[in-house]
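Me: I am new to this structure. Could you walk me through how to read it, one feature at a time?

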Number of protein chains: 2
Amino acid sequence: MSRIGEPLPTPADVYAAAARLGGHAVETPLLRADALDERIGGRLLLKAEPLQRTGSFKFRGACNRLLQLGADARAGGVVAYSSGNHAQAVAAAARLVGVPAVIVMPRDAPAVKIAGTRRHGAEVVLYDRASEAREALGTRIAEERGATLVKPYDDFHVIAGQGTVGHEIVRQCGAIGCRPDAVVVPAGGGGLMAGTSLAIADAWPETQLHTAEPKGYDDHAMSFERGERVGLSGPGPASLCDALFAPKPGALTFPINVERVRGGVVVDDDEVGAAMRAAFLHLKLVVEPGGAAALAAVLAGRIATAGRTTVAVLSGGNVDPGVFRAVLNRDDDPAAAT
Amino acid sequence: MSRIGEPLPTPADVYAAAARLGGHAVETPLLRADALDERIGGRLLLKAEPLQRTGSFKFRGACNRLLQLGADARAGGVVAYSSGNHAQAVAAAARLVGVPAVIVMPRDAPAVKIAGTRRHGAEVVLYDRASEAREALGTRIAEERGATLVKPYDDFHVIAGQGTVGHEIVRQCGAIGCRPDAVVVPAGGGGLMAGTSLAIADAWPETQLHTAEPKGYDDHAMSFERGERVGLSGPGPASLCDALFAPKPGALTFPINVERVRGGVVVDDDEVGAAMRAAFLHLKLVVEPGGAAALAAVLAGRIATAGRTTVAVLSGGNVDPGVFRAVLNRDDDPAAAT
């Protein structure tokens with residue numbers, strides 16, 4: 001149970017989610033490269049969620065949630081607010097399950113993301129960030145249509161679904177006879193870390209878990225240090241990592257994480273850019289800035305890797321071509337170029 | 001037997017290669033995306049060889065070749081000429097097998113590729129394209145050191161190794177209950193198509209096989225039409241697809257391909273760039289120009305895809321960041337942006 005009285009998912013809920021998602025979600029590969037192992041002086045395995053449906057891990061949680069809607073809820077459809085990965089994930093899961101979806105997106109969201117959400121069959125309702133509150137708009141739509149709101153991270157079934165990332169890491173590492181010393185996971189609201197930590201801590205209690213956050217959005221790092229949920233004191237600074245802007249650990253995710261996660265590490269935009277270039281050069285994978293935060297933490301030496309095995313989750317790949325071009329253009333990182 | 005009297009590999013040699021490469025080569029995933037299926041009005045599966053060790057399928061053939069060197073040959077090491085993917089593949093396979101490797105590369109090869117080849121532990125010998133013949137240089141090195149020359153495509157074991165791409169396609173499609181109507185494969189010297197065609201034609205005799213080549217390098221398309229090996233009449237034009245510049249189908253690869261391949265299709269640089277952007281946007285995969293030729297052929301409508309299942313091989317991802325940036329910068333392809 002969480003402090004707010006809602007039940008929390010357990011490892012068993014993650015395993016049930018894995019069974020439920022079979023044939024729907026992609027079992028993404030664990031990638032590796034000699035060049036990366038050499039750079040960290042250890043073994044590095046990367047869980048490649050850009051290869052997940054809709055380009056990020058978010059599909060797992062959204063799909064697990066929607067597959068468990070009752071008949072009445074299905075008829076009413078679903079609503080979500082998001083300008084990014086959760087939007088596309090809910091849209092794709094809704095089409096798969098056969099329920100209507102309304103996604104509330106800011107009018108100034110990237111055209112590619114709006115088009116992507118529509119392509120998955122969702123109705124997109126645009127709002128002005130300046131003059132409209134998306135919560136009020138979403139609540140009104142939910143009430144008018146009898147639709148179910150799908151939250152991005154503070155949801156039992158969403159957390160259990162994201163946990164299938166951890167479950168797959170356990171199985172894939174087991175298949176190659178390896179048990180990681182550490183697992184590093186990007187954190188916004190903390191849903192991916194929460195689900196993943198359930199599966200990892202259940203299988204490997206000795207493995208150290210770390211969140212990775214962008215500079216200025218280190219609410220998990222601060223909260224782990226203080227042992228309680230701490231939010232950002234104001235709007236965060238400019239950052240490439242748009243997917244990780246949640247201002248405070250979730251009410252459901254934090255009680256799970258604080259029991260299992262050793263601590264949070266923080267990376268800056270230069271380190272994130274270097275990680276994206278390393279993924280381009282050595283893994284041939286397109287990773288979005290927020291999705292590269294854990295790899296950035298590893299390559300920047302934020303956690304001990306020498307002689308150890310480390311897993312970093314690459315959580316998504318939905319990056320604007322212009323941003324990707326700009327990141328590739330920085331050649332201030334000679335190590336990544338070789 | 002080929003016309004030149006050398007034995008040709010059979011499907012059994014491909015299956016033996018698959019067993020030999022287990023644990024060494026990556027079993028690369030078959031990727032898909034709703035957006036691509038919608039564009040072609042059918043089902044499209046992409047074999048993701050950028051995720052192979054050294055970033056291209058070439059590792060399969062090189063590794064299969066080197067694993068079968070006898071004790072004497074191992075002591076003498078191996079020599080290869082290449083400015084690209086074969087260089088890195090032979091270097092990495094040599095390190096794996098534990099034999100010394102000398103790679104003869106042009107002095108003006110991209111610094112990243114030279115550094116990559118050295119990183120895999122090979123000795124790199126640079127030559128001037130203008131004043132030195134690489135064959136003479138390589139032959140001299142082979143004679144001086146008693147080293148074995150590893151050819152890029154006209155080699156029994158290299159062809160069998162590349163065939164594991166086809167063998168995996170058969171197994172992976174079987175696992176999802178699908179039998180492709182067509183398989184499209186980029187062709188330079190034709191080694192990947194030859195090996196792949198052995199496995200595909202053995203499992204699915206009805207499946208249509210096509211090579212994909214860049215404009216001006218359509219020696220396979222011409223040769224299939226005439227039923228005999230035809231080379232380019234002179235130096236080819238400028239093209240992004242540096243990996244596919246071989247001037248004539250191989251003496252060993254062509255007899256295999258002409259028996260099994262329906263024909264060759266040709267793509268231009270704009271179509272290749274559009275395919276690279278589609279892979280970036282919808283698959284989150286970095287694909288080099290030559291590696292995108294088969295996807296380009298499919299997206300450009302060169303073969304019938306409506307209501308059918310098509311597999312295209314993405315053969316490699318070793319692309320210079322500057323080239324990738326330039327390709328992403330072209331927004332003359334509105335369909336790829338949605």
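Me: Is Lys47(B) buried or exposed?

Reply: Buried means under 20% relative accessible area, exposed over 50%, and partly exposed in between (1.4 Å probe, protein chains only). Lys47(B) has 0% relative accessibility, so it counts as buried. Keep in mind that this is a predicted model, where local features need pLDDT of at least 70, side-chain atom pairs count only at pLDDT 80 or more, and totals for chains, interfaces and linings use all residues. Side-chain values use heavy atoms, without hydrogens and water, residues are numbered from 1 along each chain as its sequence is written, and chains are lettered from A and ligands numbered from 1 in the order written.

Me: Which residue forms a salt bridge with Lys47(B)?

Reply: Side chains of opposite charge can pair when their charged atoms come close. The rule for a salt bridge is a side-chain nitrogen of Lys or Arg within 4 Å of a carboxyl oxygen of Asp or Glu. Here Lys47(B) pairs with Glu168(B), and the closest N and O atoms are 2.6 Å apart. Lys47(B) lies in strand β2 (residues 43–48) of chain B and Glu168(B) in helix α9 (residues 164–175) of chain B, so the pair ties together parts 121 residues apart in sequence. Helices (H or I, at least four residues) and strands (E, at least two) are DSSP runs, numbered from the N terminus. Glu168(B) is buried, at 8% relative accessibility.

Me: What does Glu168(B) meet in a salt bridge at 2.9 Å?

Reply: The partner is Arg60(B). Arg60(B) sits in helix α3 (residues 58–66) of chain B, so its pairing with Glu168(B) in α9 ties together parts 108 residues apart in sequence. Both Glu168(B) and Arg60(B) are buried.

Me: How many salt bridges does the structure hold over all chains?

Reply: The total is 28. Another of them joins Asp37(B) to Arg32(B), with closest N and O atoms 3.0 Å apart. Asp37(B) is buried at 15% relative accessibility, whereas Arg32(B) is partly exposed at 35%.

Me: How do I read the interface of chain B and chain A?

Reply: The size of an interface is often given as the accessible area lost when the parts come together. Buried area is that loss (1.4 Å probe), summed over both parts. Between chain B and chain A it is about 2,600 Å², and carbon and sulfur atoms give 62% of it. Arg119(B), Lys284(B) and Arg325(B) supply 26% of the area that chain B buries against chain A, more than any other three residues. Contact means heavy atoms within 4.5 Å; each of the two chains, B and A, gives 32 residues.

Me: How many salt bridges cross the interface of chain B and chain A?

Reply: The rule finds six. One joins Asp34(B) to Arg95(A), with closest N and O atoms 3.7 Å apart.

Me: How many residues of strand β4 (residues 101–106) of chain B are buried?

Reply: Six of its six residues are buried. Ala101(B), Ile103(B) and Met105(B) cover one side, and Val102(B), Val104(B) and Pro106(B) the other. Two strands pair if DSSP finds at least two bridges between them. Four bridges join β4(B) to strand β3 (residues 78–81) of chain B, and the two run parallel.

Key:
Buried area is the accessible area (1.4 Å probe) that two parts lose on being put together, summed over both.
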